[in-house]
Amino acid sequence: MTDIITRAASAESVIHCGKGAFEAHAPKWKNKQIYIVTDSNVFAIYRHLLWGTFGNGFSLTVLPAGERSKNPKNLISILKDMLACGMKRGGVVIAFGGGVVGDIAGLAASLYMRGCRLVQIPTTLLSQVDSSVGGKTAVDLEGVKNVIGSFYQPEEVIVDPRFLQTLPEREIRCGLGEIIKYGALDKDIYNKIIKNCGNLKNENFLEEITADCIRHKARVVGEDERDENGVRKTLNLGHTTGHAFELFYGKKSHGEFVLIGMYYELYIARKYGICGGQYAENLEKLIKSVIKIPAYDDVEESAKFAAFDKKNDDAKITLIVPETEGKSAEIKLLPREYASLLAECRNKIKDGI
């Protein structure tokens with residue numbers, strides 16, 4: 001086990017990372033006033049673990065599994081239930097689940113009595129490697145991702161690989177999307193991924209690379225907690241197009257769309273001469289080794305959803321794209337240029353290029 005500290009401007013978070021982290025750190029919350037938010041899939045597997053760890057004195061919301069639960073109606077329902085349970089400001093909200101649970105529970109904690117204590121216990125690879133760390137909380141509104149949200153640091157994050165053992169293969173692939181993103185941002189992570197490219201789903205590798213990704217994000221959040229100076233913006237590599245496709249098509253998971261978005265945006269970076277050579281080839285092969293890239297017929301229509309992206313500047317679409325090992329770049333495109341380049345990439349996929 002290792003402890004990683006996120007030193008953000010608003011607060012510090014400690015991330016306990018590694019085998020045994022849950023047993024070592026979760027039980028200390030047992031005698032606090034606890035409100036747990038989880039989802040139906042996680043609760044079906046781990047309900048006895050929750051009772052065995054925290055006793056019978058906690059309050060609980062079990063959301064339907066899936067992105068659709070991350071909405072204002074459920075947020076208000078959680079807040080009403082916290083009030084009905086007599087939750088005090090010194091009480092602890094525990095987010096026990098994946099990214100959806102972490103986002104909505106974190107937002108509820110930030111709002112209740114102007115902020116109560118928050119502990120994140122992520123149970124998916126994606127939430128362990130990325131979304132549980134850094135303090136971004138949100139719900140979706142009118143089909144737009146994360147439009148209602150806040151920056152609110154958890155007091156503690158407990159990242160234990162034990163929870164990966166019950167994940168379906170698709171959820172591992174989803175987490176690998178964020179891991180490969182970090183590889184495009186961090187030279188050491190990139191080299192480790194390339195060295196282990198035939199072993200990406202190995203439990204020991206995932207435990208080690210998860211801690212590496214968390215360290216990278218902790219450094220970025222320490223420099224730019226609230227996306228104010230552009231440093232944290234780099235963490236959105238692949239996300240502009242990934243989110244646009246996710247909003248339009250909505251049949252894959254977030255991490256899968258990040259991978260697909262990275263592939264299309266890598267094409268744009270190569271087209272503009274920003275990324276090339278062996279590095280670009282390696283990234284392309286890496287992405288394709290994890291997921292089959294679809295040749296979407298409606299990319300021109302899905303491209304319109306990129307207009308909702310929070311990174312955009314004026315009327316232009318902003319992309320964070322890979323440049324070289326450990327370095328990213330920013331591209332700003334008019335919507336028609338962006339849609340045209342996505343269509344070009346789609347056509348090359350169809351042609352098998």
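Ala295 is partly exposed, at a relative accessible area of 26%. Here buried means under 20% relative accessible area, exposed means over 50%, and partly exposed lies in between (1.4 Å probe, protein chains only). The model is predicted: local features need pLDDT of at least 70, side-chain atom pairs count only at pLDDT 80 or more, and totals for chains, interfaces and linings use all residues. Residues are numbered from 1 along each chain as its sequence is written, and side-chain values use heavy atoms, with hydrogens and water left out.

Ala295 sits in the loop between α11 (277-290) and α12 (299-302). Helices (H or I, at least four residues) and strands (E, at least two) are DSSP runs, numbered from the N terminus. Leaving aside neighbours within four places in sequence, Ala295 is in contact with Tyr264, Arg346, Ile349 and Lys350. Contact means heavy atoms within 4.5 Å. Leu283 is twelve residues from Ala295 in sequence and 18 Å from Ala295 in space, C-alpha to C-alpha.

Asp298 is also found in the loop between α11 and α12. Asp298 is partly exposed, with a relative accessible area of 37%. Beyond its neighbours within four places in sequence, Asp298 is in contact with Phe248, Tyr249 and Arg346. Asp298 and Tyr152 lie 146 residues apart in sequence and 37 Å apart in space, C-alpha to C-alpha.

## Helix α7

Helix α7 spans residues 187-195, and its Ile189, Tyr190 and Ile193 are buried. Seen down the axis, the buried residues of α7 fall within an arc of 100 degrees, so they line one face of the helix. The arc is that of the directions from the helix axis to the C-beta atoms. The face turned away from the buried side carries the exposed residues Asp188 and Lys195.

What covers the buried residues? The cover includes α6 (169-185), α8 (203-223) and α11. Asp186 caps the N-terminal end of α7, with a side-chain oxygen 3.0 Å from the backbone nitrogen of Asp188.

## The seven-stranded sheet

Seven strands form an open sheet in the order β1-β2-β9-β6-β5-β3-β4, with mixed pairing. β1 (2-7) and β4 (59-63) stand at the edges, each with a single partner strand, so one side of each is left without a neighbour in the sheet. Two strands pair if DSSP finds at least two bridges between them. Neighbouring strands of this sheet are turned by 15 degrees against each other on average, direction ignored.

β9 (residues 156-159) runs parallel to β2 (residues 12-17), and four bridges join them. β6 and β9 are parallel too, joined by two bridges. Val157 in β9 stands opposite Ile15 and opposite Gln120. Val159 in β9 stands opposite Cys17. Glu156 and Ile158 point one way from β9, Val157 and Val159 the other way, and all are buried.

Helix α2 (residues 40-54) lies across β3 (34-39), β4, β5 (92-97) and β6 (117-122), at about 155 degrees to β3. Axes are lines fitted to C-alpha atoms, for helices over the stretch in contact, and angles run from 0 to 180 degrees between N-to-C directions.

Ser132 lies in the loop between α5 (125-131) and β7 (136-141). Ser132 is buried, at 4% relative accessible area. Its side chain reaches the backbone oxygen of Ser127 at 2.7 Å. Not counting residues up to four places away in sequence, Ser132 touches Gln120, Pro122, Ser127, Pro154 and Val157.

β7 runs antiparallel to β8 (residues 144-151), and five bridges join them. Lys136 stands opposite Phe151 in β8. β7 and β8 form a hairpin with two residues between them, and Glu142 in the turn has a positive phi of about 50 degrees.

## Cysteines

How many disulfides are there? A disulfide is a pair of cysteine sulfur atoms within 2.5 Å, and by this rule the count is zero. Cys174 is in no disulfide; the nearest cysteine sulfur, that of Cys213, is 14 Å away. Cys174 is buried, with a relative accessible area of 4%.

Cys213 is in no disulfide either; the nearest cysteine sulfur, that of Cys17, is 9.9 Å away. Cys213 counts as buried, at 0% relative accessibility.

Note on methods: A polar contact is a pair of N or O atoms within 3.5 Å; within protein, one must be able to donate a hydrogen and the other to accept it, and residues adjacent in sequence count only if both atoms are side-chain atoms.
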